[in-house]
Each structure stands twice: as C-alpha cells, then as structure tokens.
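This briefing sets out selected computed features of the structure shown below. The points are grouped by topic.

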Amino acid sequence: MKKRVVLYINQFFAGMGGEESAHIPPESKNTILGPGAAFTQAFGDEAEIVGTVICGDSYYGEHIEKAREECLKLIRAFEPDCLVAGPAFNAGRYGLACGDICTAAQRELNITAVTGWYSENPGRELYGANVFAVPTVDSARGMKDAVAKMSRLALRLMSGEPMGPAREEGYFHRGIRKNFFHEKTGAQRAIDLALQKFHGEAFQTELEMPVFKKIPPAAPVKDIKSAKIAICSSGGIVPKGNPDHIRVSSAMNWGKYDISKLDDLTPENYESIHGGYDRTWALEDPDRVLPLDEMRKLEREGAFGKLYEYACTTTGTATSVANAESFGREIGELLKKDGVDAAILTST
Amino acid sequence: MVREIEKTAGIPVVHIATIVPIMLTVGSNRIIPGIAIPHPLGKPGNDEEDHAARRKLCERALKAITTKIDKQTVFKE
Amino acid sequence: MKLELRQAFVRDVQWGEKTQMKEGVLFIDKADALSLLAEEKRFTHLDMDLARPGESVRIIPVKDVIEPRCKLEGKGECFPGFIGGSETVGNGATLVLKGAAVVTVGPIVSIQEGLVDMSGPGTEYNPYGATCNVCLLVQPAAGIEKKEYETALREAGIRLAWYIADKCRDAAIDRSDVYEMADSVEGKAAECGSNLPRFVYVCQAISQGLLHDTFLYGVDVKQILPTLVQPQEIMDGAMISANCVSACDKQNTFHHQNNPVVMELCARHGKDLNFLGVIVTTEMMTLVGKIRSSEYTVKLAQMLGAQVAIITEEGCGNPDTDICMNAKNLELAGIKTVVIGNEVAGQNGASQGLADVTPEMNAYVSCGNINELVELPPMKKIIGDIRAIANVSGGDEKSIGSDGTIVCEIQSIIGSTNELGCSKIGCEWI
C-alpha cells in the first residue's frame, strides 16, 4: 500500500498570489498543487500526495499558534503517514512556517515530517534541532533537486529503517552526535586523513571544533566586608556516604550541603567521590579541593561578610557540557534566590 | 558551569582549577590557576605550607571578586 | 630493527594436564598456572576461568587484558621491566598466541573497570569477545592499599600471559609477519626515498598517579620526559597499562601490544609514508607538566625531521588539553597533525564533546560518544561480580535489570571508544 503524504505549501507555490495574498488563512485541497506534481513523480509507487494544506506566510507568522492549530487539524483530516513542507529555499517566513508545522506534526500527530531550506534560512536556526530538513539552494530554481532529496529522505524515514548520519543521508544535522561503525578502523582513518592533509587535498574532520559560549564578566562586588560568598566545586567533594548518590563520573545531578556549622572538612565528615583524579590527597583533606577551612578563617577575620550556608558540589569528569550548564543554571538560581553576592568554584 | 552560574545569578564567579586553557575555553571570566589537578588548593606534604597555599588562593579569589574586568582574566597573583 | 611476529592461532581454550598448544587448542594446566602466584601475599583468593567467543558469558569488573607473547629469538624478553631484565626488545622473533588473551578480574579498585561480553551486541565494541580468554580472578588481602592491589594484579596478569606463551614455545606457527626498518633517520630515508611524507606517532599515555599510570620498560611514565621508541619495541610489550581511567578509553596492555597506529604505519612504511618512530609522551596533572611534555614532544619531532604527526589521546577531560597543546604546537612548528580521540556528548548526543578545543585541531578522528546508552542482554554465566556495574563509570545501581539485562553507557565496556583507533566505531552528526 502506498504511504499517504500531505504537502504543506504557501500561497505563492499554491498559485494563489504573491505578497498581496500572504495573509490568507489555512485551507486544504484534495488536489495536487505546486511542487506536488514533482513529489508525486518522485514518490513513484511508494507514496502518494493525498492532500495539500496551504497557508499564507504572513498569516502563519503573525498568528503562529492559531495557524499551527488550524493547519494541524487540516493535516490530521487526511490521515497521513508523513508531512512534506516546502521546500522553503531562502524565504524566511515560509521557512519558519515549514519548521513550525513539521515540529508540530511530529509531536502532535506522531508522523514523519520533512522540509527543505537554504542553509541561512532563519527557519533552520529556530527549528533545525527538531526537524529533518534537506539543504537547498536559495531560490526555486533548485526545485527539482530539492524535491528529489526531500522525497528520498521522506521515504527513508517512513520505511522505519535506522537512519544514517546526516553526511551520508543528505540532510541538515540536528546537532546530535550518534555512534556509527565505519568501514575502516580509527587508526586507518587517521592515517588517510593525515596523508590528505599533507598532500594539500580536501579533508574532512570527524568533529568540527565547537565554539564555546562566552559572556561579559559580571560586575565586581563593591563592598567585600558585607558580601555573602558561596563555595562550589566540581571536584566531587560530598558529605561522607554521598547522600545524593552523585555519580563518580558522568554526573546527572549536584548536591547542596549545609556547611554552616562546619569549620573544617575532614576525612570523617567529607570525602571525594570524583572518578577522574587520584583522590589520595582530597581524601586526606577535602579542604584541598573545597577550601572551607581557610574561607571560614577569612570570614572570622572579617576579610569578607559571610560564607553562604551551603556548598554546591558535583563531579566534573566525563560529565557532558550540557549537564554542567544546567547544573550551573540551577545553582545560579539558588544563589540568586538566597542573595549570594559572589561565588568561588573549584575544579579538579 | 561557572559561566552559567555567573549568567544566571548575575554575580562574579571565580574559577580555581589547574588547567588554565580549559577554564579559558569554557568561558570562565575570573580565573585563578590551582596547584595540581588532584589538589587545586593544597600542597600536601607540609601541613603549614598546605594551609598557607590554600589561604593565598582564597585571598586571591577575594581580590578577583572585587576587581573590575572587561574580559577573561587570569589572576596570577 | 627487525622483528618477526610468529603467530599461533588459538581457536579454543580448554583445561588440560599440561599448559600447551595442540592443533589450535590452548590447554591450560590450572594448578600449574596458579602455582605461579602461590607466593603472592597480596591476594587472599585466586582462581581462573575460561571464556570463549560466542558463549553466553559476561566478565566484570575487568582491569586489564594482555596478549600472551614471549621471545623466541633475540635479546630480552617480552614485557621488559616486568619479565626478565631491561634490555632493549624489538629484535629477533616473538611468539604470539593470536586469538588468546589473559583477562584480569577482581573486586573494583576504582570506578574505571569495565565489562567484556562474549556474545551479543557488546562484542561489537572491543576485540575481546572474539578472543579465547583466560580469566584470572583475585580477591585482595584485607587491609591492602589500592595501589598495592593494582600493582599485584597488574604484575600477576603479565606473568600469567608470559607463562602461557612460554609454555607454548613449540606451538605450530600459522602465520609470520616481519617488521623490519632501519634504526636511523638516514636509513629510513634510504628505505623510503625522499618523496614520502615523514610521520611520527605521538602516543599520549595517561600519567596521573594512583591507578592512572602507564609503564614503559618498567618505568612509570609520569617520571619521564617524552621519549623515542621504535615500533617493534611496542609490539614486544614495552608499554604496560596500569591504567584505570574509564573502561571505554583506557588503553589495555593488549591495545599497546597491538597498537593499531603502530601496526598501520609499519604496514605503510615505504609505500605511502616514512614512519620515523613513536614519541611516547605523558598526560600530566599539572599545567606546567603538560606544557613541558608538549614542548618536548615538538622538539623530538623536529629533531627527527617529521612532517606529519598522528596524536592519540588516552582518557577524556584534562587530557583534551594535551591533545590541543600538541596539535597546536606541532602545527605551529609546521608539522601536520591528526588527532584520534573520543567524545563526551551526553546520553542524548546533544552536548559538546570536548573539554578543551583549539582551531589547529582541525583533523580529528572520533572514536565515539562515550555516553551513548547500550542495552546488553542477560548472559547465562557471569565471571566476576555483576554488581560491580553499579560502581563502574557509565553505570549505576539501576543499570542491572531483574533478568540480568544491563543498560549502561558504552563507557562501561572495556575499550569501546579506544582512542588508539582499534575499532571501526565513529561518531557522526544526525
């Protein structure tokens, strides 16, 4: 049996007019419009376009929730296996609409969704992590190629077979890394790559260097004598027995520990559970990682106002950057709520 | 983690660790080089030196907290 | 140096009256083998077990894997510094029991041990599901320090691997490969002609103290400056793992003996490249140590006249700084680099995978995301203690299902993302 596909397009590709018609609300047709003919041909015996849903680009952009809901209703009525949206090329509003409706169709209707856009289409920036999209050129002159790629990807996804890497299957990656097995070993690949690089040939790294986010520095504390200061650590320093079951590596959580009644960390009250370094010295004296003893002395001497009542800690080894960032946000919320003025974070 | 605390709470966060390039890479703003990975704030061996080293780093952290900076800064002393 | 690897193919392993090879079957005299360690006071309990490819067996917690090898001809003995003296190895002939391995198993030292499956999806991730494994099981003596326990088990594994090979000196040889190359840079140039690109291999070995060490000729590498080694020395067991970083990316002694970068560069020496040698360098725990080793590595590479360097990492996290420094410093010295490493991209694969980055590291071979989850079906037999998964990096208390199924990060599987590039695993964008 042929798979059922609904095509989503804008007013322009539906032949209903250009910018002057961009405000038209969603409607559906049983006929094949615009790129539909090319898709029908590309799908061959495997799938067919069972309906077309049209929405004006401005309408979608200006009434995004309403447009989404109406379009979903129209799409659902066709009982499709798949939604194909666009291709949007470099049309910004159209790209956003395609990205939004594909995201919604996947989530709400639990069906496959595919779109296509130019690399700089703003839809990609916003929805690229959610949807399968193929790269296109920036204008409709690339229609034939885009339809071929989109239909191939849609059929691949509908087949239920495991999806290969973006590089091989020809879609924009969604920012996710997945393990695959190559034909050659890592050592063989490395030497091939080195020879290409040496001979000045084009070469492809297997991991592009990521760009870490930077932020402008926070303003300094003005009055240190009344400042409340927190100590935090990713060095795996926790109360003995690790009450929050923080993992020794690849941490999934962090702990908040009351240190208000402690002056010194000792092997009796605290320990290191970190799996990434030799813990001999941290076990002997956990202050070597989380410096409670000296901070307490400095507090008593009046070098700063007050040590925050809690220490926030986790383990940093093999912990993904995404997890570390979310711990940071959670700890940041806590410190903000409790009126902390500055923090010292130690890492191993 | 440091960057997100600083951003979320809007307060200066001093990062003390041993491998300065990593702190620069992950976007920490106030950076203090620690002593060694397994004991960033300690000099095991002599108890007195151990405490003195730790105290020095803590004092430097307090100084970093009160120093105005406009870019990532390594506080070497 | 000229080394002949005489390989006897091991197709099965059985208990026997005498430790020997007979028609592809490795027989182990258990009592005789265990008597090797009779004097070892650091263990209270010693036992052995056998595991063969395809069996429903899971081995956990595994510390090291060693390939049985011994010298048949030439100076020294395999595993120099541990077996025999410290003569330079790498010349003559070496017996390899190909398809056999000694696997050391014992209560967890730290979190960095892992598992080996003999059948099912777990076998895709390392070579040890396909080897006939002689497992050494120990219990440490009460009150023994972890460091002592690690030392004892490391030495025991090496002794057992050497003992097995030693008893099989008359085994029929199924295949022989000769690795010969000139000792000097000039000699290598004469072998290769002047047109082939001159490669060095920069092998970063973790060197961070207790349970994070590597030995070279019996010397703890955190005490060395980067040094030069001929590829054949590596094949003769000059590098020994004492290493308990995460199971997925700790280099076992077996990995070193069969170092795929060394083997591949040797195979291509004189064909499309000129393999100048191996620079063994460190991954130190201080910044000053990292800088010193990286600077020294570049200098050695320059003294050899290298044009290209393959750099391999061990572990993840702070060693990312070592690969960045080495890539950057070598590139600045005009030496093209390729790095082999892995990624810590989170269970969902959406996180950034490296702790440190540099634009010069523009040719990176990825041996997988260590956090990706894998489901390993239950096995009929467990060698060791299945409960260890709760303390192994990449696992936790919830990793074991009631039927014995394990759901863990591939981090928990020995060698799954090995950064010498042993396997075909890679990581891609989806």
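In this predicted model, the secondary structure of chain A consists of eleven helices and 13 strands. The radius of gyration of chain A is 28 Å, well over the 20 Å that the globule rule gives for 348 residues, so the chain is more spread out than a compact globule. The points below continue with chain A, then turn to one of its glycines and to a strand of chain C.

**Chain A: dimensions, burial and surface**

- The C-alpha trace of chain A spans about 80 × 50 × 40 Å along its principal axes.
- Of the 348 residues in chain A, 55% are buried.
- Among contacts in chain A with a separation of 6 or more, 73% come from residues 24 or more positions apart.
- Chain A exposes about 14,900 Å², and carbon and sulfur atoms supply 51% of that area.
- Chain A carries 41 positive and 48 negative side chains; the centres of these two sets are 1 Å apart.

**Gly51(A)**

- Gly51(A) is located in strand 3 of chain A, which covers residues 47-55.
- The relative accessible area of Gly51(A) is 0%, so this residue is buried, the cut-off being under 20%.
- Leaving aside residues up to four places away in sequence, Gly51(A) touches Val5(A), Val6(A), Leu7(A), Lys29(A) and Phe78(A).
- From Gly51(A) to His173(A), the C-alpha to C-alpha distance is 28 Å, and the two are 122 residues apart in sequence.

**Strand 14 of chain C: burial**

- Strand 14 of chain C, residues 212-216, is mostly covered, with five of its five residues buried.
- In a regular strand, side chains alternate between the two faces of the sheet.
- Both faces of strand 14 of chain C are covered: one side holds His212(C), Thr214(C) and Leu216(C), the other Asp213(C) and Phe215(C), and all are buried.

**Strand 14 of chain C: pairing**

- Strand 14 of chain C runs antiparallel to strand 17 of chain C (residues 239-243), and five bridges join them.
- Within strand 17 of chain C, Ile240(C) is the bridge partner of Phe215(C).
- Strand 14 of chain C also pairs with strand 15 of chain C (residues 219-220) in the antiparallel sense, over two bridges.
- In strand 15 of chain C, Asp220(C) stands opposite Phe215(C).
- Strands 14 and 15 of chain C form a hairpin with two residues between them; in the turn, Tyr217(C) has a positive phi of about 50°.

Note on methods
Residues are numbered from 1 along each chain as its sequence is written. Chains are lettered from A and ligands numbered from 1 in the order in which they are written. This is a predicted model: local features need pLDDT of at least 70, side-chain atom pairs count only at pLDDT 80 or more; totals for chains, interfaces and linings use all residues. Side-chain values use heavy atoms; hydrogens and water are left out. Buried means under 20% relative accessible area, exposed over 50%, partly exposed in between (1.4 Å probe, protein chains only). Helices (H or I, at least four residues) and strands (E, at least two) are DSSP runs, numbered from the N terminus. Two strands pair if DSSP finds at least two bridges between them. The radius of gyration is taken over C-alpha atoms; the globule rule is 2.2 Å times the number of residues to the power 0.38. Contact means heavy atoms within 4.5 Å. Accessible areas come from the Shrake-Rupley method with a 1.4 Å probe; for residues, only the protein chains shown count as cover. Lys and Arg count as positive and Asp and Glu as negative; His and the chain ends are not counted. The place of a charge is taken as NZ of Lys, CZ of Arg, CG of Asp or CD of Glu.
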